[in-house]
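Here is a short tour of a structure, written for someone who likes to know the cut-offs behind each term. Have a look at the model first, and then we can walk through it together.

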Amino acid sequence: MTLRLPSRLATVQAALLVLAALLAAVVLPRLGPVQPDLLVPFVVAGGLRGGRTTGLLLGLAAGWLVDLVPPGTGALGLSPLTYAGAGLVAGAAHRSSRHSAALPAATVLAAAAVVLGVRLVVTLLDGRPLDLVGAGLSLLATTVIGAALVPPLVHHQRRLVHRGRA
């Protein structure tokens, strides 16, 4: 049995997820009430580039980071499942991502809607009031940021994979 080290791409993806989780926990709360989900674009980029399995695994990792980085979430374990669902949504668009310029933004919107939808259901079940305007603005902000970030992320991931094979 040989020990296989993570690829350069996996290392870069992990570092970017940790950076996004830290930015979301430390910087975004100071900027105002509307906070985009910075992890969704990275999960979507991985899913679009690598397919359902990659999206699922990146989603699980992103969800664990959300649970572990303070302040964390209330229901431990729900975030990994939620982000894994978002990764599966992104991975489902894997084959189409080379043909449409609008697909990355639509995929970010769908993945962010999965994450936000679960958060809204949990808020509702906890008996707390829903902030639908804030949720809509957060969804919009996540989609705009994702539309800008996902295409270059996918491009650089493909370059890393190509460079690793050469």
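## Q13 and its contacts

Setting aside residues within four places in sequence, Q13 makes contact with G46, L58 and Q157, where contact means heavy atoms within 4.5 Å. Q13 sits in helix α1; helices here are DSSP runs of H or I with at least four residues, strands are runs of E with at least two, and both are numbered from the N terminus. With a relative accessible area of 10%, Q13 is buried. The cut-offs are under 20% relative accessible area for buried, over 50% for exposed, and partly exposed in between, using a 1.4 Å probe and protein chains only. Q13 and L153 are 140 residues apart along the chain, yet their C-alpha atoms are separated by 9.7 Å.

A word on the ground rules: this is a predicted model, in which local features need pLDDT of at least 70 and side-chain atom pairs count only at pLDDT 80 or more, while totals for chains, interfaces and linings use all residues. Residues are numbered from 1 along each chain as its sequence is written, and side-chain values use heavy atoms, with hydrogens and water left out.

Q157 belongs to helix α7. Its relative accessible area is 6%, so Q157 counts as buried. Besides Q13, the contacts of Q157 include L9, A45, G46 and R49, once neighbours within four places in sequence are left aside.

## The cavity

Rolling a probe the size of a water molecule over the atoms shows where empty space is left. How many cavities of 30 Å³ or more does a search of the whole structure find? The search finds one. On a 1 Å grid over the protein atoms alone, a cavity is a set of points where a 1.4 Å probe fits but cannot get out, and lining residues have an atom within 4 Å of a point. The largest cavity has a volume of about 30 Å³, a volume being the space filled by probe spheres set on the points, with grid points joined across faces, edges and corners.

Lining this cavity are Q13, L16, L17, F42, L58, L153 and Q157. Helices α1 (8–26) and α7 (132–165) are the elements that give two or more residues to the lining, and α1 provides the largest share, three residues. By class, the lining has five nonpolar, two polar and no charged residues. In this scheme Ala, Val, Leu, Ile, Met, Phe, Trp, Tyr, Cys and Pro are nonpolar, Asp, Glu, Lys and Arg are charged, and the others, Gly among them, are polar.

## The nonpolar core

In soluble globular proteins, nonpolar side chains tend to be buried together. A nonpolar core is a set of buried Ala, Val, Leu, Ile, Met, Phe, Trp, Tyr and Cys residues joined through side-chain atoms within 4.5 Å. The largest one here has 29 residues, of which L17, L39, V40, V44, Y83 and V150 touch the most other members. The elements giving two or more residues to this core are α1, α3 (39–50), α4 (52–68), α5 (78–92), α6 and α7. Its largest share, seven residues, comes from α3.

Beyond neighbours within four places in sequence, L39 is in contact with L17, A20, A21, A62, V66 and Y83.

Buried residues in α4 include G55, L58, A62 and V66. The buried residues of this helix pack against α1, α3 and α5.

Helix α6 (residues 103–125) has 23 residues and reaches 33 Å from its first C-alpha to its last, close to the 33 Å expected. Among its buried residues are L103, V108, A111 and V115. After α6 comes G127, whose phi is positive, near 80°.

## A partly exposed leucine

L88 is in helix α5 and is partly exposed, with a relative accessible area of 37%. Not counting residues up to four places away in sequence, L88 touches R52, G55 and L56.

Methods: On a 1 Å grid over the protein atoms alone, a cavity is a set of points where a 1.4 Å probe fits but cannot get out, and a pocket is an open set with protein on both sides within 12 Å along at least five of seven lines; lining residues have an atom within 4 Å of a point. The expected span of a helix is 1.5 Å times one less than its number of residues.
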